Amino acid sequence: MVNLIDNEVLQAFATYATIVVLKMLMMAPMTAYFRITRKAFANPEDAGVHGKTPEDKKKMIKTDPDVERVRRCHQNDLENIVPFVLIGLLYALTGPDLSTALLHFRVFVGSRFIHTVAYVFIFPQPSRGLSWTVGMIATLSMAYRILNTVLLL
Amino acid sequence: MVNLIDNEVLQAFATYATIVVLKMLMMAPMTAYFRITRKAFANPEDAGVHGKTPEDKKKMIKTDPDVERVRRCHQNDLENIVPFVLIGLLYALTGPDLSTALLHFRVFVGSRFIHTVAYVFIFPQPSRGLSWTVGMIATLSMAYRILNTVLLL
Amino acid sequence: MVNLIDNEVLQAFATYATIVVLKMLMMAPMTAYFRITRKAFANPEDAGVHGKTPEDKKKMIKTDPDVERVRRCHQNDLENIVPFVLIGLLYALTGPDLSTALLHFRVFVGSRFIHTVAYVFIFPQPSRGLSWTVGMIATLSMAYRILNTVLLL
């Protein structure tokens, strides 16, 4: 039987992958928070819960810069965190050193927390750009190791 | 060799993950159906297939509320179903009881089918919100089990 | 220990999955390239890097058809490549023949490269539609094999 308990690299991967996916999942309640406080909804049935008169509800179907910012951050997570988990699992199965693997996982996960803070709190560039680049380098480095170890075309 | 046939939890995971990913994939033809029937396209080369005169084609480059609704549902699937599959695979590798695992998988997959129906057919809230929350709880519960079992930071 | 080196189907999967995820990741720098050359940004702090006067910066917060096209292509990758990797991993674990597995992986990955070229360089339809369909058929065929082999509901 495959068991995570037998393999420290897989355990480390499971830990960091779970943490960073949880971070991504938290973007949804954050979007809901901004939608409610900014009264900016995408669906009439959602506005209906928060508006009283029909005109109220109609006005609440709008876009809001803060909502759109959180949604872009969420989208960037989908574009980067999902590839990290997919590549990271295959990387973990190539049998890297635990210390090298931990370095990759820690750098990626750390960079994505910084990326989210820089995005949501509108830090001046290049803070967001740099954090994105660091995460990307971690993923590319793992992809290089996979292709270098198991290439079968 | 790793083999799904040796492990019932992994078999159950493979079954439910495949079903719910297929559900997500079906959002694409549903979007295409609404784009064609509502004559609302994003790409000029797509409108070109369905419009005859140049003015016809230009008018078809527009957004439509029904198309946008299906697209938001698809996006919500990406934001929730992909994390379920990533977390669920790691969860299955922690060796949970089959009955507990099945409960998680069934609740999540059921909640997402209800979510799609509630979204596309515009059920009044909180039906969509509740189905989303139930799915999220299933994923969070599996994430908790992973961190509780294999935490290696 | 689970090890990719023991299983040729998993090696082939790791190779093709890594290549096609790298292709998806490359959509981000391509979007950045179009944002910079078209001077069309979503975030004021990004426009700030490229604009000099405040009016300059304000004008750069806009959508551009070329940027939106690359973003739609990226989104289509998320909607199709992520499911391929998730389904493909489970498929690889059902123990298919190497030659059958390679056929699925090659057809899917080839179809997605063609899809990107057809999307970004605006090939006339049905080239993009056909490449999308071929990739979808490869994924559906693998999903069918999974459900046929390990169904446990």
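Modeller: The contact between chain C and chain A takes 38 residues from chain C and 35 residues from chain A, where contact means heavy atoms within 4.5 Å. This is a predicted model, in which local features need pLDDT of at least 70 and side-chain atom pairs count only at pLDDT 80 or more, whereas totals for chains, interfaces and linings use all residues. Residues are numbered from 1 along each chain as its sequence is written, chains are lettered from A and ligands numbered from 1 in the order in which they are written, and side-chain values use heavy atoms, with hydrogens and water left out.

The area buried between chain C and chain A comes to about 2,900 Å², and carbon and sulfur atoms give 73% of that area; buried area here is the accessible area (1.4 Å probe) that two parts lose on being put together, summed over both. Across this interface of chain C and chain A the rule finds 3 salt bridges, a salt bridge being a side-chain nitrogen of Lys or Arg within 4 Å of a carboxyl oxygen of Asp or Glu. A salt bridge joins the side chains of A:Arg128 and C:Asp46, at 2.9 Å from N to O. There are also 10 residue pairs in polar contact across the interface of chain C and chain A, both residues being at pLDDT 80 or more; a polar contact is a pair of N or O atoms within 3.5 Å, and within protein one must be able to donate a hydrogen and the other to accept it, while residues adjacent in sequence count only if both atoms are side-chain atoms.

On the side of chain C that touches chain A, at least two residues each come from helix H1 (8–25), helix H2 (27–37), helix H3 (44–50), helix H5 (65–92) and helix H6 (98–120) of chain C, where helices (H or I, at least four residues) are DSSP runs numbered from the N terminus. H1(C) gives the most to this side, with 14 residues. Sorted by class, the side of chain C that touches chain A has 27 nonpolar, 7 polar and 4 charged residues; Ala, Val, Leu, Ile, Met, Phe, Trp, Tyr, Cys and Pro count as nonpolar, Asp, Glu, Lys and Arg as charged, and the others, Gly among them, as polar.

Turning to the other neighbour, 35 residues of chain C are in contact with 37 residues of chain B, and chain C and chain B bury about 2,900 Å² between them, with 73% of it on carbon and sulfur atoms. The rule finds 3 salt bridges across the interface of chain C and chain B, and a salt bridge links the side chains of C:Arg128 and B:Glu45 at 3.3 Å, N to O. Between chain C and chain B the count is 10 residue pairs in polar contact. H5 and helix H7 (127–150) of chain C each supply at least two residues of the side of chain C that touches chain B, and H5(C) gives the most to that side, with 12 residues. By class, this side has 23 nonpolar, 8 polar and 4 charged residues.

The copies use different surfaces, and 17% of the contact residues of chain C recur in chain B.
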